[in-house]
Amino acid sequence: MKENESVKKYLAEFIGTFVLVLFGCGAACVIGCNTRAGYLATALTFGLVIVAMAYSIGNISGCHINPAVSLAMFINNKITLEDFIGYVIAQFLGATAGAGVLAYLVGKKSGLGINSIANFGWAKSFVVEVILTFVFVLVIIGVTSKENFGSVAGVVIGLSLTLVHLLGIYFTGTSVNPARSFGPSVIVGGDQLKGLWVFIVAPLVGGALAAYCYKFLADKLGK
């Protein structure tokens with residue numbers, strides 16, 4: 001029974017990350033971020049995907065659909081090591097599948113909404129991604145820390161993802177999610193893979209910092 005429940009959780013994470021990449025990165029490809037309207041629409045799309053998934057698969061897996069979130073939840077003892085590994089594998093596979101479908105629909109030349117360090121270099125991009133992920137994951141931990149926030153948690157998390165995109169798109173295209181960056185980059189391939197490590201490591205660092213920061217604050221407040 002426990003194994004069956006785990007498979008369902010991993011499948012939910014696969015589906016959620018698949019949808020995130022297909023629709024979020026798809027919006028970046030189809031709408032573009034070269035205009036203010038396109039920029040805002042792309043940010044909103046990523047946020048709306050989180051809202052939709054939170055209220056559909058949230059009760060199954062918690063709707064992490066992001067290795068940085070899963071790492072934070074593992075650090076805070078919300079999930080086991082086994083589930084952490086299973087979640088991350090499912091997320092990377094879901095993101096790659098989503099990017100594959102997107103490539104079929106719009107072609108690799110569209111860029112598939114990849115993240116890039118081209119404009120600001122790896123150091124500044126790394127710092128930006130750590131900060132953005134820290135804020136995003138801190139919101140997630142905080143809003144899911146009490147049951148009475150449950151009814152609004154999905155909206156708050158979705159809006160926070162929109163928030164970090166509004167700043168982050170300018171710098172890196174906004175990752176805050178190793179799986180979201182991995183899928184499109186692997187499908188596009190080539191030189192894009194050289195800077196991929198930034199969008200895997202930086203969000204994990206940001207997520208871990210958020211987890212430890214919240215633990216410190218909560219302990220100080222006796223919560």
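Good morning. I begin with Cys63, which counts as buried because its relative accessibility is 12%, and the cut-off for buried is under 20%. The structure on the screen is a predicted model, and every value that I quote has been computed from it.

Cys63 sits in the loop between H2 and H3. Its backbone has a feature worth noting: phi is positive, at about 55°, although Cys63 is not a glycine. Thr174 also has a positive phi, near 65°, and Thr174 is likewise a residue other than glycine. Where is the place of Thr174? Thr174 belongs to the loop between H6 and H7. With a relative accessible area of 0%, Thr174 is buried.

Let me now step back to the whole chain. How many helices and how many strands does the secondary structure contain? There are eight helices and zero strands. Followed along the sequence, the pattern therefore reads α-α-α-α-α-α-α-α, with helices taken as DSSP runs of at least four residues.

Next, the overall dimensions. The C-alpha trace spans about 50 × 40 × 30 Å along its principal axes.

If we take contacts between residues at least 6 apart in sequence, 77% of them join residues at least 24 apart.

I turn now to the aromatic rings. The structure holds eight aromatic pairs. One of them is formed by Phe74 and Phe84, and this pair is stacked, with 5.5 Å from centre to centre and 20° between the planes. Phe74 lies in helix H3, residues 67-75, and Phe84 lies in helix H4, residues 81-106, so that the pair links distant parts of the chain, ten residues apart.

Another aromatic pair joins Phe120 and Phe171. This pair is tilted: the centres are 5.1 Å apart and the angle between the planes is 50°. Phe120 lies in the loop between H4 and helix H5 (121-143), while Phe171 lies in helix H6 (residues 150-171), and the pair therefore ties together parts that are 51 residues apart in sequence. Phe120 has a relative accessible area of 26%, and so it is partly exposed. Which residues form a cluster through ring pairs? They are Phe120, Tyr170 and Phe171.

The loop between H4 and H5 also contains Gly111. At 18% relative accessibility, Gly111 counts as buried. How many residues along the chain separate Gly111 from Ala153, and what is the separation of their C-alpha atoms? The two are 42 residues apart along the chain, and their C-alpha atoms are separated by 32 Å.

Thr45 is buried, and its relative accessible area is 18%. If we do not count residues up to four places away in sequence, Thr45 touches Phe23, Gly24 and Ala27.

The latter is Ser185, found in helix H7, residues 178-188. Its relative accessibility is 1%, and Ser185 therefore counts as buried. Which residues are in contact with Ser185, once its neighbours within four places in sequence are left aside? They are Ile114, Gln192, Leu193 and Leu196.

Among the residues discussed, Cys63 and Thr174 have a positive phi without being glycine. Thank you for your attention.

Key:
Residues numbered from 1 in each chain as written. Predicted model: local features only at pLDDT ≥ 70, side-chain atom pairs only at ≥ 80, totals over all residues. Heavy atoms only, no water. Helix = DSSP H or I, 4+ residues; strand = E, 2+ residues; numbered from the N terminus. Contact = heavy atoms within 4.5 Å. Phe/Tyr/Trp six-rings, centres within 6.5 Å; stacked < 30°, edge-to-face > 60°. Buried < 20%, exposed > 50% of the residue type's maximum accessible area, 1.4 Å probe, protein only.
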